[in-house]
Amino acid sequence: MTDPTFYGLCGAVVVGTGIYGFVLHTHILRRLLSFNVIGSGIFLMLGAAGSLGPDTAADPVAQALIITGIVVALSATALGLALLVAYARASGSPRLPEDANDDP
Amino acid sequence: MTSWLISLAVLLLLSLGGALWRVWRGPEPADRMIAAQLIGTGGVGIVLLLAAATDWSMIDVALVLALLAAVAAVAFAKAQSADSVGDPEEE
Amino acid sequence: MADVVTYFMTALGLGFYLAGTVAVIRFPDTYSRLHALTKADNVGLGFLIVGIAFQADSWMVVARLALVWGLALMAAGITAQLIARTALQRQSP
Amino acid sequence: MMALAETGFDLVLCAMIATTALLAIGVRDQFGAVVLFVVYSVFLGLGWLRLGALDIALAEVALGAGLTGLLLFGAHARLPASVPVPSGRAVWPAACAAGGSGLALGWAFLTLPEPVGLQEAVAANLGTSGVENPVTAVLLNFRSWDTLIESIVLLAALIGVWSVARDDAWGGQPGLRQHARHGGVLANFGRLLPPIGFMIGVYLFWAGSSKPGGAFQAGTVLAAVALVVFMGGAMRPPLVTARWLRLVCVAGPAVFLAVGLTGAASGVFLGLRPDLAKPLILAIEAVLTFSIAASLALSVIGPPEDPEDHV
């Protein structure tokens, strides 16, 4: 059967990658994407931790938590994008003012 | 038989790495979308191989993936049209 | 006997998938890549499904496999049309 | 031989998941980032299958590869062109934060104490839950608090999306006015998909009591189908002020809450009597499926934007 450790470590790498993008990008859409990547990495770690142990079946409580999390993440992303589109329409830029000033 | 099916799934997954390169490289949006669709169908194939190797109820995942593959293409066509709500077939 | 059919058909399916991937990497322009995608991976998936169906333990499983292929064919047809139109429009505005 | 193939599969898949995440973050083209994120969901779905979590795999595939794609492609088209990705010295603080947190998390995962696991506790009580799928039992019975609050969170997000609407557009149809060539591929697909999609959605809901599936997966599929119908121009979305629309969105949480209060009358809030558990869960799930579908679809379409849509 599958060794969940691979997936747990993969989740850690994915969270790190997401944090990199979240700090680096100034375009808010890219930030939202990075945030979603961080979230999915955390889900992966949680799911892998739920599959550890002698019982081979995945932990149903962890599964239920993750499903709830995935659905909430999508609706939060929808809210974030609606705000972003309205903000970009009002300000003409997809970046926050303090990030736009950083341009060389 | 199980190890044959899983080995095939590994090869299929590796071949999707090539498609992933094309998604990353582009250059046109259509090129990225073509490669993404290839990964979608490849994903369906892998799910079915895993289903045959381990648990038949995984077929439902392949069913949903195949159903929603076209939805992404519709969203792509919409987003690329002139006013982002049209249809590329309109003159 | 069923196992031999599965070995043969799934290997054939994988061959089509590999051809499709190589084409998507190597072909020079968008339209030829699209051509390669729609031919190769649907035939590939078809052979794969035929091969896997010989391992099915009930007719219900075979029916669902057939449904997956039907959906994939439908999706491929629509996808190819839409992507081709979009690419065409972008090329000659 | 078999163990070798399985380990190989897991290693390759983990490498693909991590690579796709990295490419989605690192690619310069904004559209490329969006497509890579959708592809990432497909690989993640395969990962959930390998972890034996079929319910999550279904949700991930439906939400990640289906609805998220719709949402992100739409938003990408509406935003100003890409801005340059920072490079050079600006990369180092981000790389340090990423490396540090990744290493810390990896170390934390490897040093996790021997897990206790709730599999046995769930399995022992599955008989009283009314359903055979342990995940559905947790979602709708053992930890139904979470699910109740979640269904309310979906509503709150929808209210948030609507509150972004401009005053002159409020009261119209959500989103921009969609159009498609009459008799074209898009329009025909909008007519072809609903019967098949509806059938699969209902199947997922029905399967949820004994096999992987359930209200969330079914609701997501139905939402995607509804969005395709709107985008194909076969039907316009209903007015945001339509009373029946709000009723559909609120019905799920309301029925859930009502069942919970009936439980409170006989002892425990949200407690289900074992002999009535199955019909109650099915009733909640049936209504919840449509509420989830409506809330998700409306959140993805976005607020009303066309002042001329007033009727």
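Two residues are said to be in contact if their C-beta atoms, placed from the backbone, lie within 7 Å. By that rule, 68 residues of chain A are in contact with 77 residues of chain D. This is a predicted model, in which local features need pLDDT of at least 70 and side-chain atom pairs count only at pLDDT 80 or more, while totals for chains, interfaces and linings use all residues. Residues are numbered from 1 along each chain as its sequence is written, and chains are lettered from A and ligands numbered from 1 in the order in which they are written.

**The side of chain A that touches chain D**
- Helix 1 (4–24), helix 2 (28–51) and helix 3 (60–91) of chain A each supply at least two residues of this side, where helices are DSSP runs (H or I, at least four residues) and strands are runs of E of at least two, numbered from the N terminus.
- The largest share, 23 residues, comes from helix 3 of chain A.

**Chain D**
- Chain D has eleven helices and zero strands, and its C-alpha trace spans about 60 × 60 × 35 Å along the principal axes.
- Of its 311 residues, 53% count as buried, a term for residues with 20 or more other C-beta atoms, placed from the backbone, within 10 Å of their own.

**The largest nonpolar core**
- A nonpolar core is a set of buried Ala, Val, Leu, Ile, Met, Phe, Trp, Tyr and Cys residues joined through C-beta atoms within 7 Å, and in the largest one, of 212 residues, Val47(B), Leu48(B) and Val68(C) touch the most other members.
- Helix 3 (residues 59–80) of chain B gives the largest share of this core, 19 residues.
- Not counting residues up to four places away in sequence, Val47(B) touches Met58(B), Val61(B), Ala62(B), Leu65(B), Leu46(D) and Leu49(D).

Definitions and conventions. Buried ≥ 20, exposed ≤ 12 C-beta atoms within 10 Å, placed from the backbone.
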